[in-house]
Structures are given as C-alpha cells and as structure tokens.
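Here's a request for anyone meeting this structure for the first time: have a look around before reading on. Then let's walk through it together.

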Amino acid sequence: MIYSVTLNPSIDYIVRLPEVVVGEVNRMTSDDKYAGGKGINVSRVLSRLNYDSTALGFIGGFTGDFITKKLIEEGISTDFVAVDQDTRINVKIKADQETEINGQGPEITEGQLNDFLNILEKLTADDTVVFAGSAPASLGNIVYKKLISTVRATGAQVVCDFEGQTLLDSLEYNPLLVKPNNHELGAIFDVKFKTTEEIIPYAQKVLEMGAQNVIISMAGDGALLVNNEGSYFAKPIKGQVKNSVGAGDSMVAGFTGKFEETKNAVEAFALGVACGTATAFSDDLASAEFIKETLDKVEITKL
Ligand SMILES: Nc1ncnc2c1ncn2[C@@H]1O[C@H](COP(=O)(O)OP(=O)(O)OP(=O)(O)O)[C@@H](O)[C@H]1O
Ligand SMILES: O=P(O)(O)OC[C@@]1(O)O[C@H](CO)[C@@H](O)[C@@H]1O
C-alpha cells in the first residue's frame, strides 16, 4: 500500500484576476477551492491512476472537514490525526503573475505527534510512504528525521519530496526517490545551472549520498532521472500552461504508483513526466484521460 504524508495540509484557494493592484480593492473574476498539500495532491493523482493510497497527516477544524470530505468524495482513504486548530488555507493568486501565500499551519501537541508515530510504526516492508511538503511551523521540518527513521525501521520504502536541508537529511535513509527541481538542486550546492548537462554530476552526488533514484524536474525544460543504471532525459512536451501548482506532486505520484507496480524506474519516470506535464496543462490536478493522452507523447533518451 502507498501512504502519503501531509503534515500540513491546506485548502488551496485559487483566485483569478487580470492583475493585482497593491493597496486597492481587487475583484476576482473566478475562484476555486481544492483539497491541497503536497502529499494530498499525490494521493489525488494516484487515485486518478487507479492506485490505492491512504492519506496521513494532521487535520483540524472546518477547513480540515472540507479536505476530508473532498478526499472521501474522490474515494481516497484517510487516517488523519485530529488537531485542535484549523488546517491552513493557502492562497494562490493567478493574475499576470502567479503568487502563492502559504499558511504556517496549526499547533501540533506532543500527544498528537505520538499518535501519528503509532500509525507509522504499524507499516510493513510491503508499504511505500511518500513524504512531501513542509511541516507546520510548530513542529519544524526537523521532525521528518524521526518520522522517516520510524518508517524505515518497519522495512517500508520512503519517497521524499523536500528541498534544502530537509532533502539532505533524508538521504541517509536511502529514499526510493527524491525529486528536487533544478533550482532547488542548484540552491543545495550553491550553483546556477545553464544547461541540462551541468545538472547531471550534481544529481549523481545526491545518488551517492543515499538516494536510489533522483529526478530533477525542470518545468518547461523537461526532466532528468539519474540512478545506478544511468541518466535519462525526458524531452519537454509543448502545451498551454494553466497551472504550475501540483505539477511536481503529480510527477511524484506517477513515479511512485508505477514503480510500486512494475519496479521499473524508467517506466515509472515516464508516467511521472506524463502526470506532471498534464497537470501543468490543467486547471486542477490532471485527469486520468489527459495523463494517458500525454503519456503517448513522452520521449525518454538514455544519456
Ligand atoms: N510548463 C511546462 N511545460 C511542460 N512540462 C511541464 C511544465 N511545467 C511542468 N512540467 C512537467 O512537470 C514536471 C514537474 O514540474 P516542475 O519542475 O514545475 O515541478 P515542481 O517545481 O516540483 O512543481 P510544483 O512545486 O509547482 O508542483 C516537469 O519536470 C515537467 O515534466
Ligand atoms: O507549504 P508547503 O507544504 O511547502 O506547500 C504546500 C503547497 O503549496 O504545495 C502544494 C503544491 O505543490 C499545494 O497544494 C500547497 O498549497
């Protein structure tokens, strides 16, 4: 079974308007509310691909009820730990530029954290756990070390979609996959990449530091997969970008679902690229039909 962990879920409140004039009253032309948070996005895409998953994490208040209800409507199992304060609302402004304002998240008590650890301790070597997104400010990302080591002690695999120090900290637990984007990888090593070729030695360093597979996502420039068998490049697919929120999470979902099914990293990478691209070209996370259509256009070459 695949489990997604979203320590800090969110209602993603998408607001659309032609431009934002700071200091004035701005009127939206349309808005949408989605159950969000990186792990939850992973579970939502897995469900569209017909892969079962259970969404784990902390949830609270009326905002938390909204998220649970939406996930149930989509047929996704949940086993959230209830917290006292409201789950956050993240504002995604789609105007002439995209601007995101993400909340800090609710307070998590020691007892609630222990309840969560008890859930993780019951996993088995047949499970894969996707950790993605930032922890609520009250816990801090340092909590991931304890959570990941608890999961690894059960024999389950972990997929870690983090950036910066949190990503580096995860490597000692040999994650099945890490997926920094090109900017996040550059920031870790304090370099700015000008070409795709320049990225490969840095992805190999991440591999040497413990990851089993490294995907470097590059938005409109495609993606790279680096593992012990070699380096692979997925050519970017052209289309009209509607939404960059969740493209990376969709990619993680595609890889994780297909890898769990086939244990073939290149096939899993191809589905990941299809999912990421299809979401970038959709208003919400991509539909199953659109992912299938996009998969036919994915071209991967061994470098
Ligand atoms: N504009 C685009 N055109 C074509 N493909 C895209 C585009 N944006 C994303 N993709 C596809 O989706 C993958 C993941 O996107 P991206 O690199 O933006 O991830 P990310 O930075 O983790 O995204 P986010 O955090 O916004 O979800 C890319 O590697 C690419 O395959
Ligand atoms: O604040 P975090 O946890 O880093 O990111 C949360 C978030 O921006 O990531 C998802 C898109 O990847 C959104 O659904 C959500 O609002």
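What follows is a short tour of some strands and of the surroundings of the ligands.

Keep in mind that this is a predicted model. A handy place to start is strand β6, which covers residues 88–94. One face of β6 is covered, and that's where you'll find R88, N90, K92 and K94. I89, V91 and I93 sit on the uncovered face.

Now for the neighbours of β6. With β2, the pairing is parallel and takes in 7 bridges. To find a spot in this pairing, look for I11, which stands opposite I89 of β6. Strand β7, residues 98–101, runs antiparallel to β6, and 4 bridges join the two. Here K92 stands opposite E100 in β7. β6 and β7 make up a hairpin, with 3 residues between them.

Next, ligand 2. There are 16 residues around it, and the ones that come nearest are G36, N90, N102, G133 and S134. As for its make-up, the shell has 11 polar residues, 4 charged ones and 1 nonpolar.

Last stop: ligand 1, with 21 residues around it. S217, A223, G248, G276 and A280 come nearest. By class, the shell around ligand 1 has 11 nonpolar, 9 polar and 1 charged residues.

Terms used
Residues numbered from 1 in each chain as written. Chains lettered and ligands numbered in written order. Predicted model: local features only at pLDDT ≥ 70, side-chain atom pairs only at ≥ 80, totals over all residues. Near = placed C-beta within 6 Å. Nonpolar A, V, L, I, M, F, W, Y, C, P; charged D, E, K, R; others polar. Buried ≥ 20, exposed ≤ 12 C-beta atoms within 10 Å, placed from the backbone. Pairing = 2+ DSSP bridges.
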